[in-house]
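Colleague: I have a model open on my screen and would like to learn how to read it. Could you take me through it, feature by feature?

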Amino acid sequence: ATARSISYNLNFPAAFPSVPQVALVLAGIDVDYRAAGVSLEVTSVTRTNFTYQIRVPAGARLSAVKLYWLATVSTSINVGYFKQTNPQVADIGVPTISGSVTFSRSLSGQVNAVPFISGFYFRNNSAARLTAEVNGLSPNSASLDIFVNANNRPSYVNIAVIHYRTTDRKS
């Protein structure tokens with residue numbers, strides 16, 4: 001079996017005033033557990049559209065994928081990705097991959113971040129686990145912990161992170 005990929009172009013409903021940041025994340029998959037994997041990657045962005053690629057590793061049996069996307073030119077939102085092949089796994093009670101995303105601009109005020117899974121490859125024929133959490137924040141970065149199964153560690157992870165300035169609401 002060989003690795004497969006396919007590209008798609010998505011037109012925005014209206015042109016943005018400048019090139020937006022794009023987050024592309026998995027919302028659902030139908031995949032055989034043997035050699036499971038899929039990865040979404042934004043390959044180009046313009047004011048009017050973006051192109052993305054869906055990749056499936058050799059041997060994976062992917063039947064369906066559902067994805068969500070977000071495009072923004074807001075100065076109070078950053079989009080970044082943590083991508084790693086053959087990530088180091090530390091056993092701190094639970095097998096964990098630690099990493100961080102540094103964004104191109106700093107946000108002022110209180111910040112928060114939300115991680116989303118954008119891709120993974122598992123080669124083992126056992127149960128797979130992949131959970132991403134933010135464990136630290138700064139105005140221009142987010143630190144992540146990615147929890148995995150001890151018996152089936154991923155050979156690739158791709159985590160999208162949306163980093164944003166929170167707003168104070170006064171009643």
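This is a predicted model: local features need pLDDT of at least 70, side-chain atom pairs count only at pLDDT 80 or more; totals for chains, interfaces and linings use all residues.

Colleague: Let's begin with sheets. What holds strands together, and in what order do the 6 strands of the open sheet run?

Modeller: In general, the strands of a sheet pair through backbone hydrogen bonds, in a parallel or an antiparallel way. Here the order is 1-4-3-9-12-6, and the pairing is antiparallel.

Colleague: How many bridges do strand 3 and strand 4 share?

Modeller: Strand 3 (residues 37–45) and strand 4 (residues 49–56) are antiparallel and share 6 bridges. One to look for is L40, whose bridge partner in strand 4 is I54. A hairpin of 3 residues leads from strand 3 to strand 4.

Colleague: And which residue of strand 9 stands opposite S39?

Modeller: That is G119. Strand 3 and strand 9 are joined in the antiparallel sense by 3 bridges. Going on through the sheet, strand 9 (residues 111–121) pairs with strand 12 (residues 156–165) over 10 bridges, again antiparallel. There, Y121 has Y156 of strand 12 as its bridge partner.

Colleague: What is the order of the open sheet of 4 strands?

Modeller: The order is 7-8-11-10, with antiparallel pairing. Strand 7 and strand 10 (130–138) are its edge strands, each pairing on one side only. Strand 8 (residues 95–102) and strand 11 (residues 141–148) run antiparallel and are joined by 7 bridges. For a landmark, find S100, which has S143 as its bridge partner in strand 11.

Colleague: Now single residues. Is N78 buried or exposed?

Modeller: N78, which belongs to strand 6, is buried, with a relative accessible area of 0%. A polar atom of the N78 side chain lies 3.1 Å from the backbone oxygen of R105. Leaving out residues up to four places away in sequence, N78 touches Q21, F103, R105, L107, P139, V161, I162 and H163.

Colleague: What should I make of the phi of N86?

Modeller: The general idea is that most residues other than glycine have a negative phi. N86 is not a glycine, yet its phi is positive, about 50°. You will find N86 in the loop between strand 6 and strand 7 (90–91). N86 counts as exposed because its relative accessibility is 52%.

Colleague: Last topic: the rings. How many aromatic pairs are there?

Modeller: The count is 8 aromatic pairs. In one of them, F50 and Y52 are tilted, with 5.8 Å from centre to centre and 35° between the planes. Both F50 and Y52 are buried. Follow the ring pairs and you find a cluster of Y8, F12, F16, F50, Y52 and W69.

Colleague: Which ring does the charged end of K83 sit over?

Modeller: It is the ring of Y81, with the charged end of K83 5.4 Å from the ring centre.

Conventions:
Residues are numbered from 1 along each chain as its sequence is written. Side-chain values use heavy atoms; hydrogens and water are left out. Two strands pair if DSSP finds at least two bridges between them. Helices (H or I, at least four residues) and strands (E, at least two) are DSSP runs, numbered from the N terminus. Buried means under 20% relative accessible area, exposed over 50%, partly exposed in between (1.4 Å probe, protein chains only). Rings of Phe, Tyr and Trp (its six-membered ring) pair if their centres lie within 6.5 Å; planes under 30 degrees apart count as stacked, over 60 as edge-to-face and the rest as tilted. A charge sits over a ring if NZ of Lys or CZ of Arg is within 6 Å of the ring centre and within 35 degrees of the ring normal. A polar contact is a pair of N or O atoms within 3.5 Å; within protein, one must be able to donate a hydrogen and the other to accept it, and residues adjacent in sequence count only if both atoms are side-chain atoms. Contact means heavy atoms within 4.5 Å.
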